[in-house]
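Open the model in your viewer and keep the side chains ready to display. The tour below goes from one selection to the next, saying at each stop what can be found there.

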Amino acid sequence: MKFEDLFLEIGGFGRFQILVLFILCLPRINLPMHFLLHNFLAATPPHHCAIPPQEAFENLTTEEVLLISIPRDPDGTFRSCEMFSQPQFQLLLNSSLQPENSSTTQHCQHGWVYDHSQFTSTIATQWDLVCEQRGLNQATATFFFIGVTIGAVIFGYLSDRFGRKAMLQLSLVCSVVFGMLSAASVSYSMLAITRTLTGVALSGVSLIVLPLGMEWVDIQHRTFSGILTSIFWSIGNMLLAMVAYLVREWHWLLVAVTGPCLLSIVCLWWVPESARWLIANGQVKQAHRNLLRCARMNGRKDFTVSPEALRKMATDKKPGGSYSYISLFRTPVLRKISLCSGAVWFGVAFSYYGMSMNLTGFGLNMYLSQFVFGVIEIPAKIIMYVLVNRVGRRQSQAWSLILTGLCIGANIIIPKPFTSLRSVVAIMGKGFSESAFTTVFLYTSELYPTVLRQNGMGYTSFVARLGGALAPLVFLLDEVWRSLPEVTYCGVAVCCGSVAFLLPETLNVCLPEGIEDVE
């Protein structure tokens, strides 16, 4: 008897599975609230150099003090990172006569003054992570994604070794602990360390929720289950916009997005351990109790499979050969698949987080941008699940990523005053980006043979998180050329999307079981 045959006895998608999936979707909501939190946690409000009081300023207004103390750009705005070395009183007579000699300006000497109309405080205003320290501000997101990358390796091993449920509970508890410690940070170093550890912990949630849900669902409903859990990511996107709008102080914002993990911890006690994992690891009695519980809740009172039959299922599983990540590159076809799929995953994650962390660059209010970007993901996911079964995986993957890059490139050309057009193009780009992310999960799982599928997903997930870690740092390239970040995101998306054409089509093709099937 195969495990799939048990679903005929216990019900493959009944009340039990619906409740399990709903509970597992609760921590799924939390993921984007942390993964995209950098948009609000590290937001940099308008600022200028602090001007120390002087006797000569006593009869001047605040505007006049700024006029003679801070140089202006050609568009008339005050510079954020420079001040005059000496007050330029002649500007009171003619403000258009800006000094051309660079020796009259210097970097801020007395700190900065921030506009608090939008944010009460952020980590940028807390520790002056602006101007020369701007790189540290962007690096906060990179530290988080480095943690996510490390956590993928750790929890991938631990969940196979000690069980899905136990490791999911551990990752949620650690997420609460490190999330609260982040909120209580008293220095940038403490925040960087605790955010990295939060990334490690949340990686366990990201890695375990989907497999645990899938292992309780029959084959016919796995696609639906994948859509459902994916949609809850988009709901988390929208909730982040609302929470950030209501909570403008970064300490309490961290508390607000971490707190819901407590609800997930409580609800998770009801979810049973995966029966597949229990049987595979010889814990037959517990597996039988969990299956009996599932059958009763689904109204299948005639469940008759005995623990001995389950024990026979475990012993019938013959151990295969030993495979590792190196096996992905040993044979020619598999090597090509691994290199190309790695490039596609990098491009998907790099462009997705590049767009998601540039909320102010498309002409919309940043809270509205976050909310709309979350909304557009839902129809994008649903449409893509239809398209991949009509036009195929390869075409869907390639064109969704290429069109993401073209939308980013279009906004480089469209003038800033055309805010409505820029917003529409950005929203379309975000939809294509989410479509590419949705497709790549399905496509990759079908490219690799069963004996290497988990290794393949682990490798591509690692490359994707590398792309996510690099995406925030690319914004620093605007010091070289203002449009260079967008050009980089556009170029990477188009190139990586084109690489997808080199992958084999998997629509209506039997899943490969061994390496010889791929070769």
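Begin by selecting Glu-377 and Lys-430, both of which are buried in this predicted model. Their side chains meet in a salt bridge, at 2.5 Å from N to O, and the pair links distant parts of the chain, since Glu-377 belongs to helix H16 (residues 366-387) and Lys-430 to helix H18 (residues 419-447), 53 residues apart.

Next, select Arg-393 and Glu-446, whose closest N and O atoms are 2.8 Å apart in another salt bridge. Arg-393 lies in helix H17 (residues 393-413) and Glu-446 in helix H18, so this pair ties together parts that are 53 residues apart in sequence. Arg-393 and Glu-446 are both buried.

Now move to Asp-478 and Arg-134, where the side chains form a salt bridge of 3.0 Å, N to O. Asp-478 sits in the loop between helix H19 (453-470) and helix H20 (484-499), whereas Arg-134 is in helix H6 (residues 134-162), 344 residues away. With a relative accessible area of 30%, Asp-478 is partly exposed. In the whole structure, a search finds eight salt bridges.

For the last stop, select helix H7 (residues 164-183) together with helix H11 (residues 260-268), which pack at an angle of about 155 degrees with their axes 9 Å apart. This angle makes H7 roughly antiparallel to H11, and H7 passes H11 in a left-handed crossing. Among the residues making the contact are Leu-168, Leu-172 and Val-176 of H7 and Leu-262, Ile-265 and Leu-268 of H11; by class, the contact has eight nonpolar, three polar and one charged residues.

Terms used:
Residues numbered from 1 in each chain as written. Predicted model: local features only at pLDDT ≥ 70, side-chain atom pairs only at ≥ 80, totals over all residues. Heavy atoms only, no water. Axes fitted to C-alpha atoms, helices over the stretch in contact; angles between N-to-C directions. Helix = DSSP H or I, 4+ residues; strand = E, 2+ residues; numbered from the N terminus. Parallel < 35°, antiparallel > 145°, perpendicular 65-115°, else oblique. Left-handed = near helix turned anticlockwise from the far one by under 90°. Contact = heavy atoms within 4.5 Å. Nonpolar A, V, L, I, M, F, W, Y, C, P; charged D, E, K, R; others polar. Salt bridge = Lys/Arg side-chain N within 4 Å of Asp/Glu carboxyl O. Buried < 20%, exposed > 50% of the residue type's maximum accessible area, 1.4 Å probe, protein only.
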